[in-house]
Amino acid sequence: MRELICINCPRGCRLKVDDNLNVTGNFCPRGAIYAKNELTHPVRTLTSTVKVQSTLERRLPVKSSEPLPKEKVFEAVRELDEVNVEAPVHIGDIVVRNIAQTGINIIATKNIEK
Ligand code: SF4
């Protein structure tokens, strides 16, 4: 039996998962999906910032367009350390394509003018 805390919402349900991936303790179906994924193929949405060339801001907030495999998150963060974006940038603009060879893009989450 494994125990997990669901991180999908602030309720933070305490989940128990047996060897057959039967989940209990979840208030809603998202908890069961989270627990099964966490034990078989854990993923995380990456949120971070990158350097931006602008007179207004130094850092641009970004996030992954989809959750990344958990084992790729540190590699992705290291790649983001090397990124330097030129303003203007708009919400949804792709900042990095195929981060850490995952097929997932990193996108801007803030508008920044020059
Ligand atoms: S199981 Fe549902 S209600 Fe409970 S923390 Fe997860 S998302 Fe929230």
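Select asparagine 98 to start: its place is the loop between β9 and β10 (106–108). Helices (H or I, at least four residues) and strands (E, at least two) are DSSP runs, numbered from the N terminus. The phi of asparagine 98 is positive, about 55°, although this residue is not a glycine. Most residues other than glycine have a negative phi, and most peptide bonds are trans. Asparagine 98 is exposed, with 12 other C-beta atoms within 10 Å.

The model is predicted: local features need pLDDT of at least 70, side-chain atom pairs count only at pLDDT 80 or more, and totals for chains, interfaces and linings use all residues. Residues are numbered from 1 along each chain as its sequence is written.

Next, select alanine 87 and proline 88. The peptide bond from the alanine to the proline is cis, with omega near 5°. Proline 88 sits in the loop between β8 (84–86) and β9 (94–96).

Move to leucine 21, in the loop between β2 and β3. This non-glycine residue also has a positive phi, near 65°. Leucine 21 is exposed, with 12 other C-beta atoms within 10 Å.

Now select helix α1, residues 29–40. Its 12 residues reach 17 Å from first C-alpha to last, close to the 16 Å expected at 1.5 Å a residue; the expected span is 1.5 Å times one less than the number of residues. Which residues of α1 are buried? They are Gly31, Tyr34 and Ala35. These cover an arc of only 95° around the axis, which puts them on the same side of α1; the arc is that of the directions from the helix axis to the C-beta atoms. The buried residues of α1 pack against β1 (2–5), β2 (14–17) and β3 (23–24). The face turned away from that buried side carries the exposed residues Pro29 and Thr40.

Select the ligand. Around it are Cys6, Asn8, Cys9, Arg11, Gly12, Cys13, Asn26, Phe27, Cys28, Arg30 and Gly31, each with its C-beta atom, placed from the backbone, within 6 Å.

Finally, show the whole chain, which has 2 helices and 10 strands. Its C-alpha trace spans about 55 × 30 × 15 Å along the principal axes. Of the 114 residues, 22% count as buried.

Note on methods: A residue is buried if 20 or more other C-beta atoms lie within 10 Å of its own, exposed if 12 or fewer, and partly exposed in between; C-beta atoms are placed from the backbone. Two residues are in contact if their C-beta atoms, placed from the backbone, lie within 7 Å.
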